[in-house]
Amino acid sequence: MRPGRHLQVAIFAAAVVAVHLAAEAGGKGFFLTQLTMTAYYTLVVVGLSLLMGYAGQISLGQAGFFSIGGYVAAALTTLDLAPHRARAAVAALARAHLLVVRPDLYGGEALSVHPWVAFVAAVLLGAGVAWAIGVPVLRLKGHYLAMATLAFGTIVGSILVGTQALGAADGISGVPPFELVPGLRVGGGAADRVRNYYLAWGLVAVAMLLLLNLVQARAGRALRAIHGAEDAARAMGVDTARYKLATFVLAAVLAVVAGVLLTHYNGGIGPSEASVMKSVRYVAIVAVGGMGSLWGTLSASAVLNFLSLRGYFGAYDDAVFGGILVLVMLLAPEGILQANLRGLLRQLVPGRRAAGEEK
Amino acid sequence: MSLDLLLQYLVAGLTYGSIYAVVGIGFNIIYNATGIINFAQGEFVMLGGMLAVSFQRVVPLPLAIAGAVAATAGVGALVEVTFIRWLWKPSVLRMIVITIGVSILLREGALLLWGESVRSLPYFTGDEVSSIAVGGVRFSPQVLWVLGTTGLIVAFLSVFFGHTMLGWEMRACASNRDAAALCGIPTRNLVTLSFVLSAAIGALAGCVVSPITYTSYAVGAGLAIKGFTVAILGGLGNSMGAVAAGLVLGVLESLSVWVLPTAYKDTVSLTILLAILFMRPSGLFGSREASRLKEF
């Protein structure tokens, strides 16, 4: 019998601690920075794994949701409201303690939105957008769904590049750290490195627990039924539209949360986060980890994102992900952990195909 | 807005639109033969343009274009043989992801080979400044080359599919692969041929449009999305519909510059794509009944 989900998460937590200790012992404490970033990207792909692997719906627009999160957080927390202090709306926000005063670049005082407010705004906006496009998009299947989500991601990307107020091609920088609770803030300072590492991977653990609970409950069975045969699932009384939409929104919200936190961690965001290549990369990681395997996706993400962020792939970064995507889908469409070598060999030998198909 | 300016935009729109139409037709040829949407379609256009620019340094322009078309057709065949041919009834999700991966590999290959610089072929007749005036509208002779080539491609394809044995076999293969195989039609080879054909016309389009729009390793993805929009708008599988839809999209995009900043030009066609997908996925000219029976 497979270990229960709490034990699985406990093993995962032990692995996170072990990686930290190994990095410190090896004198590579700075690895924790890329590992923290990896954690946030992992949040995106485990959400996508639920959508692709369990509900069977492809999304080529996850980078769009990620950057909605990142840009809302960046835009609101760097916006200086000090010149508008007299306006009624700004005054009301200030009275409600939703604004923070922070030093600006020139030593003066800037008044901007509290990161928590920006966070809530980003999640609401992301969930709203996901819901609004999810309703019509999820009626589509296969090619159409892929293209529609690709179009959504591309629209977000080209709006970001084309909008001067959002920094156009430069993006937004100077995003302040996000103080979640006093003493714990999401930000890039070396002093906060270890805390941020545990915070990020802790979030991944919480998300995993949530998703594992979900897929092992009624909702998970419904999603698998939708993946297997949507019409049959509907005939059995599964509200397919609602389940698909809920999964889509959940995956989007995870991407938004990752976008917000990584933007605070990095101190900025650029339009490349919204590029199609990023969305494709998320899909590639889910494909490597195995459709329908949350732990497989998490492992694939941890390894590939870390290698990519450390620059091991050099100029071949995108090519590596493209190549991985093609190879995995050709040779092991269920993910490399589930590779069926015998079936593969059978496929390669044309004469035996008929025999293989009959069973 | 003066009438002349309107016509000027119209000509520009038709030029771009005819390229979108060719990409859309490329989607249709492969879709009809295999039921696959080839996400790497735009990369064929890019390869055509890039190869022709390179060949043109050593051989005269017509030869360079012929060479680029042939080489891209070869790449099309290679893609099919390597990635598609031996898969046994792959799922749609799997094919989408594979063709996306192929498009990334082709693009990154082009990046390694040619770098990031933007290139273009010389104008086929005259140069950048020569223009033809019709009424109050002035346009480059290259526009005529683009429109003429698109017309030729469409004419060639309608003769090919309507009046040649090979074309009939491909159509038979499209409507019922098993039945076609039983009649002795080599369906597998015809699928390869569909990739060759669609790569070749994409490459040719990439060559004629290169002097106007320029070519770089990254142009494929944008063209693929627009070509797909056109293919859907015209009704998936319907090549004549794609031509009409291509011209409509090109003109709409060109006219959108009046109301929206140029930076948002691409979002116009994407929004149109989303709107069609949401409201009428069978396309403007496609039949709803037929699209319900197709496997997406």
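## A walk through a predicted two-chain model

Chain A is built from 15 helices and 6 strands. Chain A has an average pLDDT of 81, and 90% of its residues score at least 70. Among the elements of this chain, helix H3 (residues 62-78) of chain A has the highest mean pLDDT, 90, while helix H15 (residues 353-358) of chain A has the lowest, 40. Across residues 352-359 of chain A the pLDDT falls below 50, and this stretch makes 5 contacts in the model beyond near neighbours in sequence. Where pLDDT is low, the predicted coordinates should not be read in detail.

Now for the packing of chain A. Of its 359 residues, 45% are buried. Take the contacts in chain A between residues at least 6 apart in sequence: 77% of these join residues at least 24 apart.

Next, the place where the chains meet. Chain A brings 34 residues to the contact and chain B brings 32 residues. On the chain A side, the elements giving two or more residues are helix H6 (142-162), helix H11 (276-289), helix H13 (317-331) and helix H14 (341-348) of chain A. H6(A) supplies the largest share of that side, with 14 residues. Sorted by class, the side of chain A that touches chain B holds 23 nonpolar, 8 polar and 3 charged residues.

What about the nonpolar core? The largest one has 195 residues, and those touching the most other members are Leu43(A), Val44(A), Ala151(A), Ala258(A), Leu325(A), Val23(B) and Ala203(B).

Helix H4 (residues 92-114) of chain B has 23 residues and spans 33 Å from its first C-alpha to its last, close to the 33 Å expected at 1.5 Å a residue. Just after H4(B) comes Gly115(B), with a positive phi of about 75°. Helix H5 (residues 141-163) of chain B also has 23 residues, and reaches 32 Å between its first and last C-alpha, close to the expected 33 Å. Within H5(B), the buried residues include Val146(B), Thr149(B), Thr150(B), Ile153(B) and Leu157(B). An α-helix has 3.6 residues a turn, so residues three or four places apart point the same way. Covering the buried residues of H5(B) are, among others, helix H1 (3-34), helix H8 (187-213) and helix H10 (239-256) of chain B.

Terms used:
Residues are numbered from 1 along each chain as its sequence is written. Chains are lettered from A and ligands numbered from 1 in the order in which they are written. This is a predicted model: local features need pLDDT of at least 70, side-chain atom pairs count only at pLDDT 80 or more; totals for chains, interfaces and linings use all residues. Two residues are in contact if their C-beta atoms, placed from the backbone, lie within 7 Å. Helices (H or I, at least four residues) and strands (E, at least two) are DSSP runs, numbered from the N terminus. Ala, Val, Leu, Ile, Met, Phe, Trp, Tyr, Cys and Pro count as nonpolar, Asp, Glu, Lys and Arg as charged, and the others, Gly among them, as polar. A residue is buried if 20 or more other C-beta atoms lie within 10 Å of its own, exposed if 12 or fewer, and partly exposed in between; C-beta atoms are placed from the backbone. The expected span of a helix is 1.5 Å times one less than its number of residues. A nonpolar core is a set of buried Ala, Val, Leu, Ile, Met, Phe, Trp, Tyr and Cys residues joined through C-beta atoms within 7 Å. pLDDT is the predictor's confidence in each residue, from 0 to 100.
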